[in-house]
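Have the structure open as you read.

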Amino acid sequence: MRQATASALDDALREGVARVRKADLLVGIPSFNNAGTVGHVARTVAAGLRTHFPDVTWVIVNADGGSRDGTSDVIASSTDGVPTITGAYVGPPGKGSAFRAIFEVATELEVQACAVVDSDLRSITPEWIHRLISPVREGRADYVTPLYARHKFDGTITNNVAYPLTRALYGSRLRQPIGGEFGFGPELARDFLDGAALGRANVWDTDVARFGIDVYMTTTALVRGRRVAQAFLGAKIHDPKDPGADLAPMFTQVVSTAFRLAVANAQAWREVRGSKPTEIVGSIDPVEPEAVNASVEILERKFAAGRLEHQRTWDAVLREPIPDRIDDGAWAGIVYDFLLATKQRPEETQGLAGALVPLYFARVASFIDEAKDLDTERAEALVERQAAVFEDRKKALVARW
């Protein structure tokens, strides 16, 4: 595997750092062909900084993936006088490489606190910036994850893997560990850059450089013992994806990273029992999220195709036959079986995560069937029930570890 590049900053980002020299607060916006939505995001970020932090210096940093639709130009023209650094990150294409560039800029500018927000948000408000940054700047938290109201069929990777697995392993009830919007301080920015949580110098040549970045950040904060809080941000309205049609690559990258982190940090979670609530910043107001379409037909068809491709792997990994309907208990057992397989065969982690994708499709299809007639609150209770099952089954995982 090739060595990670020495820096993720291109000349434009470096020139921007030299121009700004120092800032108290930084908000990073990763992007790739988001000209249609990023102007609203940039204007709102600028308004949040000016409104809630009028007595300090700030900067907005856009790390772009080579957009051809003028995304960076839109950002530069939308920040209403807030100093802005735009440029292209250097490294493998992906969100994580963009974040790496943002971490580097934050470190070089010696900022007090940072936030990162997605570039396709339609529901972002100035208050988001306040809630993500203030706990860090005031010394109440080192890392802030988002807490959203999301449609019952949105966030299926979060609901079925990232949330229950993070909660069960590390003992913190972080509802959106891969949510996309985060706040953190300079120490964590350096932690993210050094890759120590994965125990490898070339972390930026792994799926951390892609969609593995969010779970990498959250797990790093937890295993380093940082103080963590959740910021309630209301509804997340963005460009949602049908789990059957769009999410297989993201699933593979998130899960392979989560599994590698679990194997590398077993000493941090083997003795953890149960889970504890995490402090919430801001009041939780009733919000009805925007509906998200999900095709059970596509999910079931892809599960059937995946059986043909991956049956041999499933036979080798799974201790129990795959049931017709994958409920909470069956799903927790499947995920833990695959996690154990990655411990035993770490060189196959990527392939094992890929073999889990069709089973994830089947699990989501089962969840949709169970939740289709439920309102948001009752569907959320199903997610919580599943997370409790993951906690309950952890004892058996530890015994086999």
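Helices (H or I, at least four residues) and strands (E, at least two) are DSSP runs, numbered from the N terminus. Just after helix H1, Arg21 takes a positive phi of about 70°. A quick note on the source: this is a predicted model, where local features need pLDDT of at least 70, side-chain atom pairs count only at pLDDT 80 or more, and totals for chains, interfaces and linings use all residues. Residues are numbered from 1 along each chain as its sequence is written, and side-chain values use heavy atoms, with hydrogens and water left out.

Back to H1, which covers residues 11-20. Buried means under 20% relative accessible area, exposed over 50%, and partly exposed in between (1.4 Å probe, protein chains only). Leu13, Gly16, Val17 and Val20 are the buried ones here.

Now for the inside. A nonpolar core is a set of buried Ala, Val, Leu, Ile, Met, Phe, Trp, Tyr and Cys residues joined through side-chain atoms within 4.5 Å. The largest one has 103 residues, and Phe184 and Trp331 are among those with the most contacts inside it. Helix H14 (residues 349-371) gives the most to this core, with 14 residues.

On to the rings. Phe, Tyr and Trp rings (for Trp, the six-membered one) pair if their centres lie within 6.5 Å; planes under 30 degrees apart count as stacked, over 60 as edge-to-face and the rest as tilted. There are 15 aromatic pairs in the structure, and here are two of them.

| Pair | Centre to centre | Angle between planes | Type |
|---|---|---|---|
| Tyr143 and Phe192 | 6.3 Å | 70° | edge-to-face |
| Phe251 and Tyr360 | 4.4 Å | 20° | stacked |

Phe251 sits in helix H10 (residues 248-264) and Tyr360 in helix H14, 109 residues apart. Phe251 counts as buried at 0% relative accessibility, and Tyr360 is buried with a relative accessible area of 0%. Tyr143 and Phe192 are buried too.

Last, the charges. A charge sits over a ring if NZ of Lys or CZ of Arg is within 6 Å of the ring centre and within 35 degrees of the ring normal. Arg175 lies over the face of Tyr163, 4.9 Å from the ring centre, while Lys343 has its charged end over the ring of Trp401, 5.4 Å from its centre.
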